Amino acid sequence: MSQDPDATLRHQINELVEEEHRLERAHVGKALDGDEKARLDGLAVELDRLWDLLRQRAARRSAGLPVEDAEERSARVVEGYQQ
């Protein structure tokens, strides 16, 4: 059985999601302080960047292109995408 080439990336995403959920659960019913809000915002941006990279890798794989050429895009680029 072959190793998932995106396993490390998926692990990073899972770790960030777990941290995000821990922070949110710890503050149910009360406001985050400035540092916590900044961390939560930072987690959201980093998750967007990693999900974008994972999607790039999948698209390159589907097109028969080398996935190693996919690059993590800047927060400015990724956060500027239209939903």
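User: Arg57 lies in helix H2. What counts as a helix here?

Analyst: A helix is a DSSP run of H or I, at least four residues long, and helices are numbered from the N terminus. This is a predicted model, where local features need pLDDT of at least 70, side-chain atom pairs need 80 or more, and totals for chains, interfaces and linings use all residues. Residues are numbered from 1 along each chain as its sequence is written, and side-chain values use heavy atoms, without hydrogens or water.

User: Is Arg57 buried or exposed?

Analyst: Check the relative accessible area. Buried means under 20%, exposed over 50%, and partly exposed in between (1.4 Å probe, protein chains only). Arg57 has 14%, so Arg57 is buried.

User: Which residues does Arg57 touch, leaving aside its neighbours within four places in sequence?

Analyst: Contact means heavy atoms within 4.5 Å. By that rule, Arg57 meets Pro5, Asp6, Leu9, Val67, Glu68 and Ala70. Look at Pro5 again: the side chain of Arg57 reaches the backbone oxygen of Pro5 at 3.4 Å.

User: Which residue forms a salt bridge with Asp6?

Analyst: Start with the idea. Side chains of opposite charge can pair when their charged atoms come close. The test is a side-chain nitrogen of Lys or Arg within 4 Å of a carboxyl oxygen of Asp or Glu. Asp6 pairs with Arg57, and their closest N and O atoms are 2.4 Å apart. Asp6 sits in the segment before H1 and Arg57 in helix H2, so this pair ties together parts 51 residues apart in sequence. Asp6 and Arg57 are buried.

User: How many salt bridges does the structure hold?

Analyst: There are 9. One of them joins Arg73 and Asp52, at 2.9 Å from N to O. Arg73 is in the loop between H2 and helix H3 (75–79), while Asp52 is in helix H2, 21 residues away. Their surroundings can be read too. Arg73 is partly exposed at 32%, whereas Asp52 is buried at 5%. Bridges can also share partners: Asp6, Arg57 and Arg61 form one network in this way.

User: Which residues of H1 are buried?

Analyst: They are Leu9, Ile13, Leu16, Glu20 and Leu23. Seen down the axis of H1, they fall within an arc of 90 degrees, so they line one face of the helix (the arc is taken from the directions from the axis to the C-beta atoms). An α-helix has 3.6 residues a turn, so residues three or four places apart point the same way. The face turned away from the buried side carries exposed Thr8 and Arg25. H2 is included in what covers the buried residues of H1.

User: Which residues make up the largest nonpolar core?

Analyst: A nonpolar core is a set of buried Ala, Val, Leu, Ile, Met, Phe, Trp, Tyr and Cys residues joined through side-chain atoms within 4.5 Å. Here the largest has 9 residues: Leu9, Ile13, Leu16, Leu43, Leu47, Leu50, Leu53, Leu54 and Ala70. H2 gives the most, with 5. Now zoom in on Leu43. Leaving aside its neighbours within four places in sequence, Leu43 is in contact with Leu16, Glu19 and Glu20.

Technical notes. Helix = DSSP H or I, 4+ residues; strand = E, 2+ residues; numbered from the N terminus. Polar contact = N/O pair within 3.5 Å; in protein donor to acceptor, adjacent residues only side chain to side chain.
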